There are 2 protein chains.
Amino acid sequence: MLGRATEDAAASPAAALTYPFRGDHQAGIVTPAQERLHFAAFDVTTKSRGRLVALLKAWTDAAERMTRGLSAGEIGPVEGAVNLPPDDTGEAIGLPAGGLTITFGFGPGLFRDAHGKDRFGLADRQPEALRELPHFPGDNLDPARSGGDLCVQACAEDPQVAVHAIRNLARIGFGTVAVRWSQLGFGRTSTTSTDQSTPRNLFGFKDGTANLKAQETAALDSHVWVGTGDDARAGWLAGGSYLVARRINMTIEVWDRQPLGDQEGFIGRTKGTGAPLSGGDEFTEPDFHLPGADGPVISRDSHVSAVHPAHNDGVRMLRRGYNFVDGTDALGGLNAGLFFLAYLRDPRTHFIPVQLRMARIDALMEYLKVTGSALFAVPPGVRPGEYVGQSLLG
Amino acid sequence: MLGRATEDAAASPAAALTYPFRGDHQAGIVTPAQERLHFAAFDVTTKSRGRLVALLKAWTDAAERMTRGLSAGEIGPVEGAVNLPPDDTGEAIGLPAGGLTITFGFGPGLFRDAHGKDRFGLADRQPEALRELPHFPGDNLDPARSGGDLCVQACAEDPQVAVHAIRNLARIGFGTVAVRWSQLGFGRTSTTSTDQSTPRNLFGFKDGTANLKAQETAALDSHVWVGTGDDARAGWLAGGSYLVARRINMTIEVWDRQPLGDQEGFIGRTKGTGAPLSGGDEFTEPDFHLPGADGPVISRDSHVSAVHPAHNDGVRMLRRGYNFVDGTDALGGLNAGLFFLAYLRDPRTHFIPVQLRMARIDALMEYLKVTGSALFAVPPGVRPGEYVGQSLLG
């Protein structure tokens with residue numbers, strides 16, 4: 001069989017990477033952030049719980065295969081009967097696994113429709129925290145880029161591998177789900193492992209310096225993984241997480257005309273090394289009390305101050321965002337920004353208050369416009385013999 | 001100075017690549033196709049020829065710097081006065097040159113406005129072949145994704161490097177030009193060097209097997225480079241080329257439901273190895289006369305037959321396209337396809353007839369919808385001390 005990864009040798013160590021699909025937690029959360037992203041949200045179009053379960057089983061099989069660097073189906077892109085569609089679309093023939101991870105989530109709409117009606121007999125297991133996010137100041141949401149009953153996050157070192165994964169899952173889901181929106185990200189903006197250096201977002205600043213890291217296992221239990229006692233209705237979510245997805249447009253052209261000192265003041269860090277304006281290096285803790293000429297050196301309305309755990313009841317999130325450029329906006333600017341992804345234990349404590357505080361005081365908000373938003377419950381890892389979401393649907 | 005490429009060692013040999021910006025021809029044409037693309041078309045918003053020339057000089061300086069892995073301006077992203085905007089946006093700090101090439105082109109609108117009026121005293125030097133392309137069957141053009149007075153093609157191994165280049169050129173051009181449209185491409189679909197293996201497009205097929213290669217210097221002179229005697233009005237274009245840009249959406253979801261045999265029949269090649277259906281391997285010449293059960297094995301309406309030089313007066317082009325996925329279309333399909341880029345000596349002989357023939361007979365057209373289109377004259381290479389376009393504007 002002409003499979004994946006059999007034609008060429010791996011181009012680089014990163015390309016040859018594989019991560020196990022199964023485990024206690026889903027891959028793609030604490031996995032060292034790969035360079036490329038294709039994210040898709042789906043609407044479920046069937047009324048049949050049986051078809052939904054069948055899809056999740058088929059997705060599990062295909063996802064496990066693709067993360068191993070194999071074709072989406074057993075027959076593959078070119079070995080099938082000539083009178084049947086292939087069970088893999090072929091654009092990843094010859095490409096290694098590329099560190100692919102595929103992570104699944106469930107939106108509020110999987111449990112209840114827009115009228116509150118139970119869709120698949122799951123309403124009494126809907127997590128308390130899995131509700132549409134409130135409207136935040138600065139939100140300018142496009143419904144066609146928001147929400148979704150299911151989500152799939154595909155991360156890989158090669159964008160063609162990530163696109164191939166989403167495309168084949170969409171193909172398998174035809175008739176059961178339809179793509180609601182999808183987003184490509186080309187540069188990771190977060191560091192999820194202490195082995196990774198901190199990348200830069202499109203403001204030109206290092207992003208994710210203080211992010212939660214895979215190595216901080218106790219902090220992950222406190223801030224990322226849903227605990228067994230967190231929600232009596234939703235025991236199935238223990239070991240899972242919540243995923244907040246926000247498409248944050250940056251007003252790139254306006255930002256680029258701000259003086260360097262103003263840019264650094266808005267962020268609260270230097271642009272070069274990423275050190276806090278209070279001194280030290282990138283990983284020095286900011287000193288919010290160090291006085292400057294006109295109030296503290298790190299302004300109260302700086303981004304680092306607005307979102308710092310010390311000012312947010314100690315909450316932290318595991319961010320996994322990507323830069324995006326989607327062509328041009330209507331005004332001749334780049335349609336560009338940060339596709340913010342964050343995994344956290346409870347949006348009511350770990351996201352909504354932080355976002356409200358940020359919207360209220362963060363000087364950076366002037367350069368941001370949120371154009372898409374969604375919340376998903378991310379089930380725990382898939383154990384041998386199980387399918388994704390079995391703890392909910394099984 | 002904290003420049004580019006000074007912070008981290010190059011991650012891979014490809015990342016450390018640099019190509020000279022200056023030469024007889026512009027880089028980014030026969031340069032081995034890099035993995036990532038950011039392409040932008042600009043409208044010129046000034047009426048001043050002097051400001052246009054000043055921009056081209058500033059672009060030349062910045063482009064040469066960035067292709068060497070340096071910041072866009074001499075001061076750089078973080079060393080300037082705090083009360084001035086930086087002369088580089090910073091998101092490429094620490095990233096090596098990544099094989100960046102920056103290639104410039106001039107659209108018909110640079111010479112005459114929509115009413116035929118001379119804009120910058122250049123009308124009598126407008127190349128005869130530089131006219132808006134005719135409407136082709138299958139065109140469903142979005143004006144906001146078509147045309148442009150200037151274009152910049154940035155190719156690199158790292159998308160953040162390509163995006164940084166376009167973004168900084170747009171920043172430098174503020175007040176003189178505005179971005180009209182831009183397109184990211186994530187996977188090259190063409191091979192421009194015999195050293196490169198043939199990649200796959202989103203139909204899952206190898207693409208570019210028969211492409212012109214950098215090594216075929218005589219064929220490049222015949223088919224890609226404008227000759228000194230080609231156009232008496234436009235001697236300035238000798239050593240340059242024409243660039244056809246076409247955004248070709250693929251109806252991915254419909255394609256994926258076609259039987260393998262039909263897919264191969266539409267293309268005229270096997271999906272696995274890319275060999276013509278008449279036999280051999282990828283690089284075997286197709287035999288359009290070999291009989292099959294029902295006419296020739298390679299159907300007359302197959303893509304390979306429609307576009308083969310043997311059926312198109314021997315013309316060839318140098319293709320340099322990229323796959324794209326731009327989220328989702330209104331029907332829940334992926335907004336995806338091929339961003340077709342081709343360099344050729346004369347669109348009247350090397351593109352328009354081929355495209356008309358393809359539109360008339362190519363079975364693949366049923367799965368394609370062209371949503372953007374533009375034609376540019378690509379001036380010759382920039383010699384030491386010159387600026388891009390000096391042969392036209394100097």
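Two strands pair if DSSP finds at least two bridges between them. Hold on to that, and look at chain B. B:L318 stands opposite B:Y343, and B:Y343 sits in β11(B). Those two residues belong to one of the pairings I want to show you. Before that, a word on the model.

This is a predicted model. The scores are ipTM 0.94 and pTM 0.95. Chain A averages a pLDDT of 94, and 97% of its residues score at least 70. There is one stretch to flag. Over residues 5-10 of chain A, the pLDDT is below 50. Beyond near neighbours in sequence, that stretch has eleven contacts in the model.

Now the strands. Start with β11 of chain B, residues 334-344. Which strands pair with it?

Take β6(B), residues 241-250. Eight bridges join β6(B) to β11(B), and the two run antiparallel. To find the pairing on screen, pick B:V244; its bridge partner in β11(B) is B:A342.

Next, β9(B), residues 318-319. It pairs with β11(B) over two bridges, again in the antiparallel sense. That is where B:L318 faces B:Y343.

Then β10(B). Five bridges join it to β11(B), and these strands run antiparallel too. Here B:V325 stands opposite B:A336.

On to a helix, α6 of chain B. Which of its residues are buried? They are B:L260, B:Q263, B:G265, B:F266 and B:I267. Part of the cover over them comes from α7(B), residues 303-307. Just after α6(B) comes B:G268, with a positive phi of about 90°.

Now zoom out to both chains. How many residues of chain B are in contact with chain A? The count is 55, and they meet 55 residues of chain A. Several elements of chain B each give at least two residues to that side: α3, β4, α5, α6 and β10. The largest share, seven residues, comes from β4(B). By class, this side of chain B has 23 nonpolar, 21 polar and eleven charged residues.

How are the two copies related? A rotation of 180°, with 0.0 Å of shift along its axis, superposes chain B on chain A. The RMSD is 0.0 Å. That is the relation of a two-fold axis. In chain B, the C-alpha nearest the axis belongs to B:D326, at 3.3 Å. The same surface serves both copies: 100% of the contact residues of chain B recur in chain A.

Last topic: domains, in chain A. The assignment gives domain 1 as 16-106 + 149-185, and domain 2 as 108-146 + 218-381. Their C-alpha centres lie 26 Å apart. In contact are 26 residues of domain 1 and 29 residues of domain 2. On the domain 1 side, β1, α2, β2, β3 and β4 of chain A each supply at least two residues. By class, that side has 14 nonpolar, eight polar and four charged residues.

Then find B:D326, whose C-alpha is the one in chain B nearest the axis. That's my tour.

How values were computed. Residues are numbered from 1 along each chain as its sequence is written. Chains are lettered from A and ligands numbered from 1 in the order in which they are written. This is a predicted model: local features need pLDDT of at least 70, side-chain atom pairs count only at pLDDT 80 or more; totals for chains, interfaces and linings use all residues. Two residues are in contact if their C-beta atoms, placed from the backbone, lie within 7 Å. Helices (H or I, at least four residues) and strands (E, at least two) are DSSP runs, numbered from the N terminus. Ala, Val, Leu, Ile, Met, Phe, Trp, Tyr, Cys and Pro count as nonpolar, Asp, Glu, Lys and Arg as charged, and the others, Gly among them, as polar. Copies are superposed by least squares on the C-alpha atoms of residues with pLDDT of at least 70 in both. pLDDT is the predictor's confidence in each residue, from 0 to 100. A residue is buried if 20 or more other C-beta atoms lie within 10 Å of its own, exposed if 12 or fewer, and partly exposed in between; C-beta atoms are placed from the backbone. Domain bounds come from an automatic or database domain assignment.
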